[in-house]
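Subject: Structure handover

Hello,

Here is the structure we talked about. Please open it first, then read the notes below it.

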Amino acid sequence: MSLAKPDANHLSSVQKIAVLLGMIGLFILVLALFNTPSSQKTLILTVSLSLITIGTIIFSRDAYLKKMKGIKNDSIWFKSISSRGVLGWLTGIVLTGFYIVLYFFPKYLGLGSNNNENTGLIALFDPLSYLLSGKPASQWFVYGTLYTVAILIFGYKFILKYRHNRYQQLRTISVMFFQLGFAFLIPEFMVRLNESPNYNLPYYDLKSIWPLNYYIFDSWSINGFLSSGTLGLSLLIFGILSIFAISPILTYKFGKRWYCSWVCGCGALAETAGDAFRQLSSKKLVAWKIERWLIHSVLVFSVIMTTAVIYTYLSSDPNKFWLTRKTFLLSVFGFLTVLFITVMVFKRKELGKDARYGAIGYFAIIVSLFLLHYTGTSDQVFFIKSSSLRSVYGLYIGSIFSGVIGTGFYPILGNRVWCRFGCPMAAILGFQQRMFSKFRITTNGGQCISCGNCSTYCEMGIDVRSYAQKGENIVRSSCVGCGICSAVCPRGVLKLENNTIKGRINQNDILLGNNVDLMNLVHD
Amino acid sequence: MEHIVIIGNGISGITAARHIRKLSNKKITVISAETDYFFSRTALMYVYMGHMTFEHTQPYENWFWKKNNINLKRGYVKTIETKSNTLHFENGNDVCYDKLIIATGSKPNKFGWPGQDLDGVMGLYHKQDLENLEKYAPNNRACKRAVIVGGGLIGIELAEMLNSRNIPVTFLVRESSFWNGILPEGESAMINRHIRNHNIDLRLSSNLKEIKADNNGKVMSVIVEETHEEIPCDVVGLTAGVSPNIDFLKGSDIETGRGVKVNRFLETNIPNVYAIGDCAEQHEPIGNRKSIEAVWYTGRMMGETVAQTICGNRMPYNPGHWFNSAKFIDIEYQTYGWVFAKPKKEEAHFHWKHEDDTKCITVCYNTKTNEFLGINTFGIRMRHEVFNRWLSEKRNVDYVIQHLAEANFDPELFYRFESQILKTYTNHQLQSI
């Protein structure tokens, strides 16, 4: 449309002051890059983080509490930051740059090498790190702290924005809690435990489940767990149970939202700091096609990589440990085969044509790799050293996809780029959600007016409207259950629900209103 | 191959086209003078408010039409010659049809007010109205005040839109309370307060006398009839309802009243010519419905029905239980069955309102049989399917109030009010004994 962007909504003067405070706080962090503050580190860090926090709090209160409760999406598409304007692109470039430095050039953040002390920004975080774990800060500690602060302050903003909506509020409190406790504090305290010679725990965020936590089966991680007594072993068992028992059961009961929008740290950042960008996800059919191939390719890659890593870790000698390389490979092979056959026998009809072809294709790849292994020699699994497979995965998926693109591109591609196109955990949970879960988004009879608010604000790029206007329930593997479609609907059409599995798809395939069963006629 | 031509690419025309395509291989052409592609008219307000871009209001991607072999033609039909099955376009083109569906929708009402055609006076219906609004009311510097005339659903939407850009709004409503021709007193009063809470200058029992122009032929002020007060303004929104958009049919053989006259099969007096949606006028009203229904849902239902008829399964338009919905700024409204502003003979209302003044329900029932007749619900979402069933089963009002939880459609974890409602209802019944 040829409409010029209106400049109606300027920041109020309170909001301008709030932005200024926050910017000063950020600026202090930038200054720290170039200086090593000596004695006043604690003070400077406190001042900086406080300014950022206070700025966000003042801004949010001014933006939302002065208005009545309700949907607060006015002017989103007129604001430069949230409509891929200059500010949006600038933010994207700065964020991407930050991630590149963080992952590949941490020395520019001041990471001390060769046992030298930290300098610059990382040194600024030393006192906090000593307080929590008794160790100097690393680039990951700096990142983790900023990440947690972002989730807490933007979580607060989100809660005010949706103060008429208890689902949104409780969900946000949940992600704030899991981020602060499970991702930030508990791992730091586990480092404290390691001061005792009885413990050698690896960094472990309990809520981060394989394959999102792709390093849990690395040798250093397994060795760490196994050399940390009962606690270490329990943690490892918990990690494995999370994959095979806890997450399938919870996904069955609640859909994948129990994880993706209530617990997960990536989801937490996307839902809080990334909330302003949710409308930027592409709803085109072609984006959906790319999404399905990309995310499942990442999953297959991570399965092969992990299998190779564990395989290498194990020994061929049954006397050393009951689980040998051969038994392990055979059991993985058996598990995947049983899974594949079960799905093809019982759920075949629910898969689209391309999904069936995809499943068969991926299964064929895995089978041929196993066959190749048994006919070839054994030190190199699948012809590639597991270590190089692991480092390629870590670099391209773990760092570049999930970090640089996944978060750096928030202002360009939307806030769930990683969750939608890359996360292998989301792929597994999505598969469970699509195949066997009580969760669905129910459509309210014939009340849809096709306005498109639901589709516009779906961060996963689901064209919600295309289902709602047909009166069809929404059961999509990618849906993270954030509930925003339901919130922004002006006619009360959408409701996230857990209900019986029977008839959850196409349950309401009759548009209510006409007294004839038109859909039957259409289907005849 | 039979050529079906549909004039109008709104919800009625497009629904008809889609269903004809599902049922047949007929050649389909959809004509519009307004836009190239179908968009959701109800979403125009969100474009002005910056919630969506115009592209978001289009439910189908642009490739959809070609893929489904539905021809789209942009142009304004000037006259229809039914003897030769020909449409004459404004630009001189002709198109022939085998069957014609008229789905041209509505246009905003104007009641002959002095100054109603000045620059800066507009309705809110077409995409062009939105462009006009963007021109005259881009912000609160260009538009220091807007006056809205007519207190219906479009009026309050326009008020919300202007409010989103901090443009002061004066809202002239003819009735003594907002939309009280439709809404019962308690609900209407609650919405009055809600409007005023948004700092909108709501003037009840106020009519427009005239619109005054400045030297350039642009709006300068309006005069209120009752008080003779002159209100300076830059934009005037005329939202006093809509009427069928059928001026182009004058001089054709197609019978018209206020709308295009149709029978229950949506057939006009001319064979092979049908009319659906806002522009169709039933010879006899159906049940409690009006003979012209300018509602999204009825347009869609008529489109579904006429597609059956055209594809050989002649079917009457037979709408089920009445339902509708709207949103009054922050308060959602749904209705199922019939709740009139004032109870009719042998009818009574039960009204419950939450203390926060943003939620209420009104239930209408028959005083003799206790049959549940309908519900209006504000700020609480209800399940269409459940109320549709209860209405068909002719449940009594006690049953409905006692089972209200089954019908709740609010998001999970929301506070619920069924027990409060039941308590109020029980007291209400005791008092009326």
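First, a convention for helix pairs: a crossing is right-handed if the near helix is turned clockwise from the far one by less than a right angle, and left-handed if anticlockwise. Helices (H or I, at least four residues) and strands (E, at least two) are DSSP runs, numbered from the N terminus.

This is a predicted model: local features need pLDDT of at least 70, side-chain atom pairs count only at pLDDT 80 or more, and totals for chains, interfaces and linings use all residues. Residues are numbered from 1 along each chain as its sequence is written, and chains are lettered from A and ligands numbered from 1 in the order in which they are written.

Helix pair in chain B

By that convention, helix 1 of chain B and helix 7 of chain B cross right-handed. They pack at about 35°, with axes 7 Å apart. Axes are lines fitted to C-alpha atoms, for helices over the stretch in contact, and angles run from 0 to 180 degrees between N-to-C directions. On the helix 1 side, the residues in the contact include Gly13(B), Ala16(B) and Ile20(B). On the helix 7 side of chain B they include Gly299(B), Gly303(B) and Val306(B). Contact here is a distance test (C-beta atoms, placed from the backbone, within 7 Å). The contact of these two helices has 9 nonpolar, 6 polar and 2 charged residues. For the classes, Ala, Val, Leu, Ile, Met, Phe, Trp, Tyr, Cys and Pro count as nonpolar, Asp, Glu, Lys and Arg as charged, and the others, Gly among them, as polar.

Sheets in chain B

One open sheet has 5 strands in the order 3-2-1-7-19 in chain B, with parallel pairing. Strand 3 (70-74) and strand 19 (273-275) of chain B are at the edges with a single partner strand each, so one side of each has no neighbour in the sheet. The twist averages 20° from one strand to the next. Pairing of two strands requires at least two DSSP bridges between them. Strand 2 (residues 27-32) of chain B is joined to strand 3 of chain B by 5 bridges. There, Val30(B) is opposite Leu72(B). Helix 1 (residues 11-23) of chain B lies across strands 1, 2, 3 and 7 of chain B, and runs at about 170° to strand 2 of chain B.

Another open sheet in chain B also has 5 strands, ordered 9-16-10-11-12 and paired in parallel. Its edge strands are strand 9 (121-122) and strand 12 (201-203) of chain B, each pairing on one side only. Strand 11 (residues 169-172) of chain B meets strand 12 of chain B through 3 bridges. Leu172(B) has Arg203(B) as its bridge partner. Helix 5 of chain B packs on this sheet, touching strands 10, 11 and 16 of chain B, at about 170° to strand 11 of chain B.

There is also a hairpin. Strand 4 (residues 77-81) and strand 5 (residues 86-89) of chain B run antiparallel, joined by 4 bridges. Glu81(B) is bridged to Thr86(B). Between the strands are 4 residues, and Asn85(B) takes a positive phi near 55°.

Domains of chain B

Chain B is assigned domain 1 (3-107 + 243-310), domain 2 (121-240) and domain 3 (327-432). Domain bounds come from an automatic or database domain assignment. The centres of domains 2 and 3 of chain B, taken over C-alpha atoms, are 31 Å apart. Their contact takes 15 residues from domain 2 of chain B and 14 residues from domain 3 of chain B. Helix 6 of chain B gives the largest share of the domain 2 side, 7 residues.

Chain A and the interface

Helix 6 (residues 139-161) and helix 7 (residues 166-193) of chain A pack at about 165°, axes 10 Å apart. These two helices of chain A are therefore roughly antiparallel (angles over 145 degrees). Their crossing is left-handed. Their contact has 8 nonpolar, 6 polar and no charged residues.

The contact between the chains takes 52 residues from chain B and 48 residues from chain A. Helix 7 of chain B supplies the largest share of the chain B side, 6 residues. That side has 18 nonpolar, 21 polar and 13 charged residues.

Best wishes

Methods: Angles under 35 degrees count as roughly parallel, over 145 as roughly antiparallel, 65 to 115 as roughly perpendicular and the rest as oblique. Two residues are in contact if their C-beta atoms, placed from the backbone, lie within 7 Å.
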